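Here is a friendly walk through a few local features of this protein. Keep the sequence and the 3D view open as you read.

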Amino acid sequence: MLSKSLYILTGLAAWGSGVGTAAQSIITDDTVFYGQSPPVYPSPNATGTGDWADSYSKARALVAQMTIDEKVNLTGGILVDSSCSGIIPPIARLNFSGLCLSDAGNGVRTTNFASSWASGISVGASWNRELAHKRAVGMAGEFRAKGVHVALGPVVGPLGRITTSGRNWEGFSNDPYLCGALASDTIKAIQSVGIQTSTKHFIANEQETNRNPEGNVTAVSSNIDDKTMHELYLWPFQDAVKAGTGNIMCSYNRVNNSYGCGNSKTLNGLLKTELGFQGFVVSDWFAQHSGVGTALAGLDMVMPYGTPYWSSNLTEAVKNGSVPETRLDDMATRIVAAWYKMGQDQGFPEMGLGMAGDLSEPHQRVIAKSPENKATLLQGAVESHVLLKNTNNALPLKSPKLISLFGYSAKSFDVYTPGSGGWNLGTQALAPADVIPNGDDVIHTQIAANGTLVSGGGSGANMPAYVSSPASALSQRAYEDDTSLWWDFHSGNPQVDQSSDACIVVGNAFASEGWDRVGLHDDFTDALITNVASNCSNTIVVFHNAGVRLVDQFIDHPNVTALIFAHLPGQDSGRALTSILYGDVNPSGKLPYSIPKNESDFGPLQNETKPDGIYELFPQSDFTEGVYIDYRAFDAKNITPRYEFGFGLSYTTFNFSCLTVSATEGADTSSYPSKPIVEGGHEDLWDIVAKVSATVTNTGSVAGAEVAQLYVGIPNGPVKQLRGFAKPTLKPEESAVVEFELTRRDLSTWDVVAQNWLLQEGEYGISVGSSSRNLPLAGSLTI
């Protein structure tokens with residue numbers, strides 16, 4: 001799409017605001033864009049505030065004993081025979097162990113004896129903070145057993161602005177509140193086990209296309225205004241900093257035409273000053289594009305190697321004064337302080353102990369997976385599933401005598417051995433026809449036709465210890481229940497036994513790092529579903545989906561009786577699905593995004609921005625929609641989605657009642673926060689200024705869990721925004737009171753003139769219910 005505007009700095013209040021340009025010829029010199037991202041220098045030294053104090057005291061003492069070369073060695077990775085994604089070498093004389101940084105936010109990758117956990121999007125679908133915590137503790141234990149110091153996750157960017165973005169599945173939700181809450185729980189849990197989190201990708205990294213420079217074409221620039229930055233894309237990173245994340249990974253893309261790992265406004269200004277970040281900033285792999293510039297802009301560690309920009313060049317830059325030694329000291333101190341804060345200086349396994357470089361060669365066997373995690377792995381897979389349609393109570397199945405199973409995603413992928421195709425990239429399920437070479441490019445299909453999906457593709461993939469596919473789990477259930485089973489995993493128009501009690505069609509929607517999805521539905525799978533439904537009066541559709549998947553080609557077919565979005569459930573996928581199909585468990589997942597009826601409902605946010613027009617060499621992605629993405633946009637444009645944000649069915653029913661809204665007595669409701677900056681921003685942003693409660697009752701006949709969702713209408717903003725959620729589990733006729741605390745930040749809007757969070761006087765709409773469009777309880781709060 002041709003960029004409509006250039007972004008010129010006219011003061012902080014208008015950071016990212018657009019003005020027209022008369023230039024019509026192709027821009028060939030990036031000096032045209034200079035100044036569009038405000039310069040913020042110098043890079044602030046960390047203060048060791050809060051619970052970092054002791055770690056900083058130790059770190060400063062250790063760094064004071066280091067030579068310049070030793071400090072520089074802390075800032076850049078080295079090449080080692082290891083499957084650690086990155087290595088910082090040890091300093092033996094000072095008993096610094098070195099650091100192994102490894103992928104990723106959904107579990108440890110490129111190793112054996114680990115687990116495939118439910119992916120980020122599945123955690124989002126669970127809306128379950130307790131489960132997010134348990135999952136993170138389990139994952140962290142596997143990282144620790146393998147000698148990994150830094151888990152490269154969680155992902156809160158991309159947030160999910162572009163519907164087809166290849167990495168949306170790694171994160172939790174395109175709603176900043178839901179994303180930030182689950183990220184916070186994940187960070188606290190992982191770091192409680194002594195593993196640093198690397199929250200990524202900072203910031204506005206919303207598409208894979210042109211994420212890196214190629215030839216003479218630069219990486220795409222996310223052109224974003226100040227208000228949108230704070231209220232949407234910075235929001236979950238603020239939660240991560242508040243939670244104490246050990247480091248932040250800067251992103252490949254440019255932000256207002258300055259590379260993410262060399263952007264002084266985002267790193268020095270937003271992150272280290274405004275949010276009071278105490279950890280270190282690490283580059284995404286090969287995301288550094290200058291030496292002195294990135295050091296001064298706030299980058300602290302470069303991966304995977306210190307070369308070509310740092311290493312000996314950084315030593316020389318410090319010696320000749322281009323980079324102050326105080327900046328190098330701060331880089332080293334931040335890195336060592338995070339190591340101390342996680343207790344990695346004592347009792348931590350040997351660096352990379354279980355991360356053999358080549359599993360086909362003799363290596364030490366380190367079993368990281370634990371029987372203690374089995375229940376959490378299964379629960380994560382179960383709550384990954386969202387029941388979207390259930391006509392005439394087609395589910396749960398009622399003692400079926402014959403099930404016919406169809407679809408490529410019902411079986412496991414054919415090969416899974418070290419070094420086999422996609423074994424450590426989550427692409428095992430891709431068939432040859434799914435990836436077609438086309439000159440220097442590759443044509444991707446929308447599906448992975450070689451089997452079920454346990455994760456998406458790329459560095460966010462994980463390593464299943466086994467795969468429970470729908471076919472294997474249903475076969476086991478058929479054995480136990482004396483049920484007969486037909487199956488066809490390949491045909492698009494399979495034969496259907498007319499005596500089938502149910503026909504289950506399992507498809508998928510694949511996504512991966514490195515490219516953006518080419519669409520939101522595929523003709524083969526839609527035709528498969530309608531072909532089966534034309535011959536089977538009880539057709540149940542299941543998708544393993546790495547993001548939004550449109551369903552309007554088949555959803556109104558009278559024989560399509562049920563629809564489940566399973567997302568990316570991990571290694572217990574089939575076991576979880578079967579337990580839901582048979583009613584052993586009650587589905588409780590909710591959509592962490594909206595599903596519209598048509599692609600056009602997304603407008604320009606369906607697809608990525610490509611080099612075009614005068615920006616052929618400098619692709620420009622203009623975030624002109626502001627904060628209006630997903631349900632905010634549908635609300636503003638009066639678009640009715642097929643299934644709204646927060647929607648999901650259960651085998652029981654729930655009622656909401658007894659809404660109460662009250663201001664906190666004695667709370668400071670002055671316009672702006674005024675207390676000092678701590679981790680996460682001004683301390684009083686986190687003050688509780690109001691409380692909301694409601695009663696949820698299970699009015700059905702079986703036990704189940706309901707997600708109670710709180711939405712707030714902030715004056716002069718979207719009609720509603722998620723600001724709380726709780727998930728009580730209730731027996732039939734049982735009730736629970738859910739309580740929500742609203743902070744100053746929850747109720748504030750970003751004031752671009754004051755450069756602060758503004759708590760406005762006026763009336764705030766309060767709504768509580770089961771989804772963003774089913775909100776039976778309504779009230780108000782006056783500030």
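## Two helices at an angle

In this predicted model, helix 6 (residues 226-233) and helix 7 (residues 235-242) have axes that come within 5 Å and cross at roughly 55°. Angles of 65 to 115 degrees count as roughly perpendicular and those under 35 degrees as roughly parallel; helix 6 and helix 7 are therefore oblique to each other.

Which residues make the contact between helix 6 and helix 7? On the helix 6 side you will find Met229, His230, Glu231, Leu232 and Tyr233, and they meet Trp235, Pro236 and Phe237 of helix 7.

## A covered strand and its neighbors

Next, turn to strand 18 (residues 539-545), which is mostly covered: seven of its seven residues are buried. The cover extends to both faces. One side carries Thr539, Val541, Phe543 and Asn545, while the other carries Ile540, Val542 and His544, and all of these are buried.

Strand 18 has a parallel partner in strand 17 (residues 502-509), joined to it by seven bridges. Here, glycine 507 stands opposite phenylalanine 543 of strand 18. Strand 18 also pairs in the parallel sense with strand 19 (residues 560-565), over five bridges, and in this pairing valine 542 stands opposite isoleucine 564 of strand 19. If you follow the chain from strand 17 through helix 14 (residues 523-533) to strand 18, you trace a right-handed β-α-β unit.

Most residues other than glycine have a negative phi, and most peptide bonds are trans. The spots below are worth a look with that in mind.

Glycine 153 and proline 154 are joined by a cis peptide bond with omega of about 5°. From glycine 157 to proline 158 the peptide bond is cis as well, with omega near 15°.

Phenylalanine 113 is not a glycine, yet its phi is positive, at about 55°. You can find phenylalanine 113 in the loop between strand 4 (99-102) and helix 3 (120-126). Its relative accessible area is 27%, so phenylalanine 113 is partly exposed. Asparagine 393 likewise has a positive phi of about 55° without being a glycine, and its place is the loop between strand 12 (386-390) and strand 13 (402-406). Is asparagine 393 buried or exposed? With a relative accessible area of 54%, asparagine 393 is exposed, since the cut-off for that word is over 50%.

## A buried alanine

To finish, look at alanine 633, which lies in helix 16 (residues 631-636). The relative accessible area of alanine 633 is 10%; buried means under 20%, so alanine 633 is buried.

How far apart are alanine 633 and proline 776 in sequence and in space? In sequence the separation is 143 residues, and in space the two are 21 Å apart, C-alpha to C-alpha.

Definitions and conventions. Residues numbered from 1 in each chain as written. Predicted model: local features only at pLDDT ≥ 70, side-chain atom pairs only at ≥ 80, totals over all residues. Heavy atoms only, no water. Axes fitted to C-alpha atoms, helices over the stretch in contact; angles between N-to-C directions. Helix = DSSP H or I, 4+ residues; strand = E, 2+ residues; numbered from the N terminus. Parallel < 35°, antiparallel > 145°, perpendicular 65-115°, else oblique. Contact = heavy atoms within 4.5 Å. Buried < 20%, exposed > 50% of the residue type's maximum accessible area, 1.4 Å probe, protein only. Pairing = 2+ DSSP bridges. Right-handed = clockwise from strand over helix to strand, strands pointing away.
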